[in-house]
Amino acid sequence: MRFGEGSSGGEYLKHAEGAMDSDHVDQLVKRTDDAERSVRWRMEVERALAKVAGHLDLDADFDRAMNMALQEVGVLVRADRSYLFIVRDGAGVMANTHEWCAPGVSAQKEQLQDLPVSMVPWWMDKLRKGEVVNVPDVLKLGDEAKAEREILQAQEIRSVIALPVFVFDKLVGFVGFDNVRTTAAFGADELSVLQLLSKIVGSSVARRDYRCALLVDAARRHEAEKEVAGTLERLRRSLRGTIDAIARVVETRDPYTAGHQRRVANLARAIAQDLWLPEEVVDGVRMAGVIHDIGKISVPSEILSKPGRLTAVEFELIKAHPGVGYEILKDIEFPRPVADIVMQHHERMDGSGYPAGLQGGNILVEARIVAVADVVEAMASHRPYRAALGENAALDEIERHRDSRYDPDVVDACVRLFRAKGFRL
Ligand SMILES: [Fe+2]
């Protein structure tokens, strides 16, 4: 035991009790000195451990807190060097991660990295069993610890104590204290301090590992999310490609509507954006717009490109195209109800549309948007049976039917786009 030096109450007692038997006085003096030192030691221990525990508990900077703890306790037990080794028993390696050295004592940490645990079998065996490795005199280590003796001697260590650090039941490292200048061993009082320290270090390592695990987890999750987002984007691109290909099929058969679907899609998307609809709705509107007339592949091309008025039978054939489009698209998995939008793009708010004669709120908002965009684009462009009527005539038409056929909000957004925001087909 190596308590602090300094004056003690013993001197005073010696003088005061002059008449007493000198042996008795010596004993009294010794007991008083011991008691005083013991109290002082306890106070020092409490102060140091409170400080160490406080830092390791609260300090987010694990390295800083650990270095401070090693210094604090190293000074307290008068070690020449104190250190933490982290052991990765599964991988069979260990490393000196933190170290404190008393003034004039050489540091060892740099050369004690990535060491195989098998080089100190006796030492590791004790630690794994939860035992303290206490070597009061390195030279006296027996042959069962021959490897350890040679290594410690090579580092000029004269006495050493190492305590296992456990996280739950797993050995994760050890804290060690060397003496290189004296052979002063570590006694029972120091041992109890060190045991407390190793427990504090254990919980602190556990917390640090937990924090790291959380960070790693967060990083992995971020990677996974990025991958999912990438996959979705690729799917979206391939879906767009498919839709464009389908759209071209219709347009090659019907040159007059060539580009019609694309322009309807652009206008419909702009209207949906102007109405501040959610992004996925905007996306659905655009996709449906691009293929809204897909059902026209069932209509003979002479009817589609016929100049002049259609007969009743011909018109019936034309009216079937939303339903045919729905049948083509219904089994394709779109993120939005594209098939339903296509089915409803000729429905009108007042029930005057086809094929089902749906009214108002029974018509999907996406279909109400495509309907307005479809009418505006069709009137503004050239048709086999008439010349282009122009944008103004088209806007007048939807405004005229703003409160009957068309959704007033959609009409207002469309008019706003052309007249206030400079939108062009
Ligand atoms: Fe149509």
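Predicted model: local features only at pLDDT ≥ 70, side-chain atom pairs only at ≥ 80, totals over all residues.

Student: How many bridges join strand β2 to β3?

Tutor: Strands here are DSSP runs (E, at least two residues), helices are runs of H or I with at least four, and both are numbered from the N terminus. Two strands pair if DSSP finds at least two bridges between them. Here, two bridges join β2 (residues 93-101) to β3, and these strands run antiparallel.

Student: In what order do the six strands of the sheet come?

Tutor: The order is β3-β2-β1-β6-β5-β4, in an open sheet with antiparallel pairing. β3 (115-116) and β4 (133-135) stand at the edges with a single partner strand each, so one side of each has no neighbour in the sheet.

Student: Now helices. At roughly what angle do the axes of α13 and α15 cross?

Tutor: Axes are lines fitted to C-alpha atoms, for helices over the stretch in contact, and angles run from 0 to 180 degrees between N-to-C directions. The axes of α13 (residues 365-380) and α15 (residues 408-419) cross at roughly 45 degrees and come within 9 Å. That makes α13 oblique to α15; angles under 35 degrees count as roughly parallel, over 145 as roughly antiparallel, 65 to 115 as roughly perpendicular, and the rest as oblique.

Student: Which residues of α13 and α15 meet?

Tutor: Contact means that C-beta atoms, placed from the backbone, lie within 7 Å. From α13, R368, I369, V372 and V376 meet V410, V411 and C414 of α15.

Student: What about α8 and α13: how far apart are their axes?

Tutor: The axes of α8 (residues 279-291) and α13 are 10 Å apart, and the helices pack at about 45 degrees. α8 and α13 are therefore oblique to each other. On the α8 side, V281, G284, V285, A288 and G289 make the contact, while α13 brings E366, I369, V370 and A373.

Student: And where is the cis peptide bond?

Tutor: The cis bond joins Y354 and P355, with omega about 5 degrees. P355 lies in the loop between α12 (338-344) and α13.

Student: Which residue has a positive phi although it is not a glycine?

Tutor: That's R78, with phi about 55 degrees. Look for R78 in the loop between α3 (62-76) and β1 (81-88).

Terms used:
Residues numbered from 1 in each chain as written. Contact = placed C-beta atoms within 7 Å.
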